[in-house]
Amino acid sequence: MSPRETLSRVEPLLAGFGITRVARHTGLDDIGIPVWCAYAPNSRSIVIAQGKGLTDLDAKVSTVMEALERAVAGEPSVDLVHGTSSRLQAVGHTTDTLNCLTALHKPDLGPDEETEWVVGINILTGEEVYIPFEAVVLDRTRDARYWMSSDGLASGNNVEEAILHGVLERIERDAFVLWQVSGETDRYAGCVDPHDFQDAALDELIDKIEAAGLALRLFDITSDIRVPCFTAILGPRDIHRDRDIRLVDVTGGTGAHPSQVRAAIRAVTEAVQSRLTYISGARDDISAATFSRSLPPLMRQAFGAVAIPSAGATRRDDMAGPQHQGLSSLLQHVLDALRDRQIGSVIAVRLSDETIPFSVVKIVIPELENPEGERARRFGTRALARAIGF
């Protein structure tokens with residue numbers, strides 16, 4: 001479905017979901033890469049949603065869908081079951097208390113503690129799995145036992161598309177955490193030249209960034225799951241000069257996709273979007289102190305990384321790869337990559353009502369790492385193993 005068709009289907013629904021305004025932020029910066037935002041003043045999480053893309057239409061659809069998925073996740077259309085893990089298991093149900101998502105200063109859910117549960121599907125096996133509702137809902141007006149985040153929250157024109165987006169986001173977040181805990185030498189060894197992809201759209205993005213007087217470094221952070229993933233770091237061209245640089249002067253973005261070039265484009269456009277987040281000052285989840293903090297030395301060092309010159313041939317071969325496959329094939333490719341790494345659980349919970357013309361899902365993959373957040377457990381086994389060199 002084209003972006004224009006998607007927009008025509010969902011635009012009449014915006015007011016009903018509390019989205020009062022959609023605005024173009026692109027002109028607040030001098031790069032010219034499209035970034036849009038959507039406002040939902042009574043949101044149960046953050047008020048501002050943002051979207052980016054190669055065109056204004058792409059970016060507008062991106063922000064609208066993100067705002068809609070947050071609105072749905074704040075008050076999802078799901079059936080709840082009240083009970084304990086022990087009782088559910090006694091009648092033959094599979095449960096997962098998701099201790100990896102327990103909130104900071106909160107105890108894990110005990111086997112005989114009452115809570116509300118929602119049923120999801122482990123899409124690797126087709127098995128139903130009951131998980132705590134508070135690990136799925138995005139309503140920060142609640143005093144929840146679980147860390148609430150948009151991680152793995154995704155929307156699409158249909159359920160399959162939403163699931164693909166959510167699974168890719170979880171793979172991306174896992175890869176980024178593993179990259180963060182790697183040693184400094186390994187972290188910057190994966191620097192690549194964006195022009196090696198020989199992709200017109202990516203080249204145009206880089207040309208706009210350079211014309212704006214900025215520098216960009218792109219790093220291949222693909223994990224052992226082997227779904228391509230990149231992170232982009234964007235900052236002042238004169239970053240190596242002896243002067244104080246604020247944290248907000250350097251922004252980053254990460255992207256994952258079976259196509260290497262699409263993953264790279266996602267990373268670059270997200271870094272630009274993050275820059276506009278700070279320029280606009282509109283996001284309500286950024287504290288005032290963020291704008292006065294100095295840039296950590298390690299982030300400055302990233303701009304000294306040298307691209308690997310021989311990697312381009314491999315990336316050009318990717319042009320005949322999965323990006324030309326259908327949606328079902330792409331999703332199967334990604335799920336097979338998870339199976340190959342013995343990941344056993346990919347839980348999908350549909351949050352949206354079937355009567356609306358788009359789908360919202362929450363994807364939970366307990367074995368993968370989670371991004372930074374107020375959880376009782378910052379890292380899982382994958383990050384700990386990477387940090388100690390296993």
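Leaving aside neighbours within four places in sequence, which residues is Lys-106 in contact with? They are Asp-143, Ala-144 and Arg-145, where contact means heavy atoms within 4.5 Å. Before the views, a note: this is a predicted model, with local features needing pLDDT of at least 70 and side-chain atom pairs counting only at pLDDT 80 or more, while totals for chains, interfaces and linings use all residues. Residues are numbered from 1 along each chain as its sequence is written, and side-chain values use heavy atoms, with hydrogens and water left out.

**View A. Lys-106 sits in the loop between helix H3 (85-90) and strand E5 (115-122).** Helices (H or I, at least four residues) and strands (E, at least two) are DSSP runs, numbered from the N terminus. The Lys-106 side chain makes a polar contact with the side chain of Asp-143, at 3.0 Å; that term is for a pair of N or O atoms within 3.5 Å, and within protein one must be able to donate a hydrogen and the other to accept it, with residues adjacent in sequence counting only if both atoms are side-chain atoms. Lys-106 is partly exposed because its relative accessibility is 28% (buried is under 20%, exposed over 50%, partly exposed in between; 1.4 Å probe, protein chains only). Look for Ala-376 too: 270 residues away along the chain, its C-alpha is 7.1 Å from that of Lys-106.

**View B. Ser-359 belongs to strand E13 (residues 359-364).** With a relative accessible area of 4%, Ser-359 is buried. A polar atom of its side chain lies 3.3 Å from the backbone nitrogen of Val-159. Not counting residues up to four places away in sequence, Ser-359 touches several others, including Ala-154, Asn-158 and Arg-350.

**View C. Helix H6 (residues 200-211) packs against helix H7 (residues 260-280).** Their axes (lines fitted to C-alpha atoms over the stretch in contact, with angles from 0 to 180 degrees between N-to-C directions) are 10 Å apart at about 25°. H6 and H7 are therefore roughly parallel (under 35 degrees; over 145 is roughly antiparallel, 65 to 115 roughly perpendicular, the rest oblique). Among the residues making the contact are Leu-205 of H6 and Val-268 of H7. The contact residues split into 10 nonpolar, one polar and no charged (Ala, Val, Leu, Ile, Met, Phe, Trp, Tyr, Cys and Pro are nonpolar, Asp, Glu, Lys and Arg charged, the others, Gly among them, polar).
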